[in-house]
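Me: I am new to this structure and would like to go through the terms used for it. Please give the cut-off each time a term comes up.

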Amino acid sequence: MSVALSAQDITRALTRISHEILEKNQGSTNIVLLGIPTRGAHLATRISSIISSIEGTDVPTGTLDITLFRDDLRMRPPRAIMPTKIPTSGIEGKDVVLIDDVLFSGRTIRAALDALGEIGRPRTVQLAALVDRGHRELPIKADFIGKNLPTSKSQSVKVLLSEIDGRDEVSIEEGVE
Amino acid sequence: MRHLLSISDLNKSEAISILDTASELARVSDGAVKKLPTLRGRTIVNLFAEDSTRTRISFEAAAKRLSADVINFSAKGSSLSKGESLKDTAMTLQAMGADAVVIRHPASGAAQRLAENHWMSGSVVNAGDGTHEHPSQALLDAFTIRKHLGMGGSDLVGINVAIVGDILHSRVARSNVLLLSMLGAKITLVAPPTLLPVGIHNWPATVSYDFDSVIPHVDVVMMLRVQQERMSDLFFPNAREYSRYFGLNGERMAAMKKGAIVMHPGPMNRGLEISAEVADSARSVITEQVTNGVSVRMAILYVLLAGGALEVGSN
Amino acid sequence: MSTADFLIKGVSLPDGKKIDLAIFDGLIASVSSGFKGEAHTVIDGSDCVVLPGLVDLHTHLREPGREDAETVLSGSRAGAKGGFTALSAMANTSPVADTAGVVEQVYRLGQEAGLLDVFPIGAVTQGLKGEALSEIGAMADSIARVRVFSDDGNCVSDPLVMRRALEYIKKFGGVIAQHAQDPRMTIGSQMNEGEISARLGLKGWPAVAEEAIIARDVLLADHVKSRLHICHLTTAGGVEIIRWAKARGIDVTAEVTPHHLLLTDDLASSYDPVYKVNPPLRTESDVHALREALADGTIDIVATDHAPHPTEAKECEWQEAAFGMLGLETALSIVQKTMVDTKLMNWMDVADRLSIAPARIGGYENHGQPLVVGSHAHLVVINPTLKWRVDRDLVLSKSSNTPYHGHELPGVVMHTFYKGMPTLLNGNVTSMGGM
């Protein structure tokens, strides 16, 4: 096991991503942040508070569970459905930023796009990921990346966040079976 | 979990997880999303060998909201009414590639027979078998009770429930006694002695013949339908006398606790086991039971069909 | 005697004494320790017990009418396999055995099969309807010499009909075998009424529906001083009534089936109709009472109530399925398991309950005889030290509705002799018949 991002690295990456989001969208007025449970939701909350401290206003932030939209349900035991919370302002005509911890095959994001499509029609959909580990299986690309981590397929990337795991850390583990 | 035949197929955490899943599904359905792709490409057969429009429609709506293909196979005009055996019907459904069969049948144990005979490989959901069980009804009842009275917890500890009426012939009562007691509720069965089964003493419930003495102490009054055919079989002298002792009317409703609710699995016999005044009162959650039925049945289909139980994926 | 036909060497008599038993010309020719003569065929009887050939007082052979389920021939083969040398064919065939013509037909079919004696039971009432008496006298006088009359499957529920029947059979020393089941209390009933039926939502079959008829009928038999036999007793309460009646000197006998000595109503939890039977499987405490009563003689005999049904009659929903289970091929093993291996009975008791007493009740003169020189050589040789596994695909009955599929049972029936000739030799049914 090797540590790829320390707690400090994570904080720095999230701060940078927050700035990049504001820059790309020319401020926070039309932004909606949607975290993908479980860890993406906590990252969204953190980015949201960083942005509000920069801009001085609250950013509409919610969660988007994609379980019911997955295309790999048959390959796994049934999963618990996590909450989906769309901010009251909705997503119609908004610049939605999807936030996840690890970008891998791209299938989660495809499911998220399907889920969004059922809810409304945003002006743009952007993607932020704390880690991009490569091995995409779909034509999907992140707009904001905390760190590119070249990995082999047999490795696994483990993200720990203090809200759930008691500490912040990203590590790479060898062939977990 | 492959089948849902009886509440005894579930342990407490599985039951709670179905209720939690139903809560999330209800929220998704309440919002803008009307249709989820979750069971796209799956075929669900509603095999109804007994008339029950409401249960069939509820399962059909649940399956369609999850994008499953639904085939309705009902008693009238089907081969079941022409004397085809359950085995042959099952093998037909297997040949048609049914991933799940939702079965309503007048014979107790029919769902279990269908599931345990290797006649077909799909999941079996018991939508009411004879006088045995009706597990999806109990789950939607528990869901409704939890929504109204749950003290924030996931179970029903501390809640008192009276189930009133024809316990002997009620699959709704059997499933509810098992489920509500598993979730921690205290149950009192209220009925004339003729409509209580012999051998009830081991059930996790107390028995009373006196509705009036029970009413002020319960949080939920669940009324059961009195079937017309019981009238002629010596279970009670006549409808009027049944109503007098075991019907829920305005007077009895007035004796209920503050916040207590009235439930009924439908269809109701207004004026017999329940008065119109009660059925249409603010305490009645009867139409809400119907609404919740769809979410709970979505959750059941999700739990049975969404996962590939055989393969366990790595992270 | 010149040379014996058969010699069974070193076999144990029911009392445990080891002997050589020689058979000649249909009779037992020698019972001695150390037979000195010659024999055409010598059979090793070590580890085995010899009993008088088993007599079943309650068999459904289904012929005429339901030859798809069983025939007199297939039932005879199953009987020989189970150690029986006499069966009693129940009257609920189609047409019903309520005339001399039908009972003579069944009797002849038995003789033609030649593997054992088939004694027809006559219906008490025409068409088993419980209303008008059938031609009881004509059946008694026929070549079938019917002595046992029963509407089995139905109860003779009308007390006046039952009284008249009991009176009428006194003319020739017959017996009425009652299927005790109050019909009003058991409309649509599916299984024993109790905790299990309450949970399964299957319509209950109260013990009292059986006991009320038994109580009524022992009183009737007492009143008219006639002979009553109670079929397939299943409840502890029924045992009490029989015990009381016998103590009063009422001429009543009773039977229990092997399945009611072993199986209980919780098996219905599978909803597998192979466990659906009339009268129904009861509780553990009933089973206990039945075993005690069989051991102390309150219950006189074991009778199989062998009830074959075609596959489709059982491969369905419980409430749609037919009542009944196979019994002939497993009866002796179940009795060993429940009564002998539990030390409730010894082999002399088994000989009495499965051969001597049923032959006496049925009036089957050549059966159930003591194992002494000159007796008819109707014999069964069982090896109680062996075990076997029941396989429904290997039964000799035409049907396969055995509740013991996959069970390992003690006691293998090795040889059955009928009229001095083997109908079962080393576990295989022979084509040889009687003379």
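Reply: Strand β1 (residues 4-12) of chain C and strand β4 (residues 39-44) of chain C form a parallel pair with five bridges. This is a predicted model, in which local features need pLDDT of at least 70, side-chain atom pairs count only at pLDDT 80 or more, and totals for chains, interfaces and linings use all residues. Residues are numbered from 1 along each chain as its sequence is written, chains are lettered from A and ligands numbered from 1 in the order in which they are written, and side-chain values use heavy atoms, with hydrogens and water left out.

Me: Why are β1(C) and β4(C) called paired?

Reply: Two strands pair if DSSP finds at least two bridges between them. β1(C) and β4(C) have five bridges, so they count as a pair. Within it, C:L7 lies opposite C:V42 of β4(C). Strands here are DSSP runs of E with at least two residues, helices are runs of H or I with at least four, and both are numbered from the N terminus.

Me: What makes β1(C) and strand β2 (residues 18-24) of chain C a pair?

Reply: Five bridges join β1(C) to β2(C), this time in the antiparallel sense. C:S12 faces C:K18 of β2(C). The hairpin of these strands has five residues between them, and C:G16 there has a positive phi near 100°.

Me: How do you know whether C:I136 is buried or exposed?

Reply: Buried means under 20% relative accessible area, exposed over 50%, and partly exposed in between, with a 1.4 Å probe and protein chains only. C:I136 has a value of 1%, so this residue is buried. C:I136 belongs to helix α3 (residues 136-141) of chain C. Leaving aside residues up to four places away in sequence, C:I136 touches C:A123, C:V124, C:F149, C:Y168, C:I169 and C:F172, where contact means heavy atoms within 4.5 Å. C:A123 is 13 residues from C:I136 in sequence, with 7.8 Å between their C-alpha atoms.

Me: What makes β2 (69-74) and β4 (123-129) of chain B edge strands?

Reply: The open sheet has four strands in the order β2-β1-β3-β4 (chain B), with parallel pairing. β2(B) and β4(B) each have a single partner strand, so one side of each has no neighbour in the sheet. From one strand to the next, the twist averages 15°. Strand β1 (residues 43-48) of chain B pairs with β2(B) in the parallel sense over six bridges, and B:L47 has B:F73 as its bridge partner in β2(B).

Me: How do you know that helix α1 (residues 12-30) of chain B and helix α11 (residues 286-305) of chain B cross?

Reply: Their axes come within 8 Å and cross at roughly 120°. Axes are lines fitted to C-alpha atoms, for helices over the stretch in contact, and angles run from 0 to 180 degrees between N-to-C directions. The residues of this contact comprise ten nonpolar, three polar and no charged; Ala, Val, Leu, Ile, Met, Phe, Trp, Tyr, Cys and Pro count as nonpolar, Asp, Glu, Lys and Arg as charged, and the others, Gly among them, as polar. Among those in contact are B:I18 and B:L25 in α1(B), and B:V296 and B:M298 in α11(B).

Me: How much area do chain C and chain B bury between them?

Reply: Chain C and chain B bury about 1600 Å², with 49% of it on carbon and sulfur atoms. Buried area is the accessible area (1.4 Å probe) that two parts lose on being put together, summed over both. C:Y271, C:E315 and C:E317 supply 35% of the area that chain C buries against chain B, more than any other three residues. The contact involves 19 residues from chain C and 22 residues from chain B.
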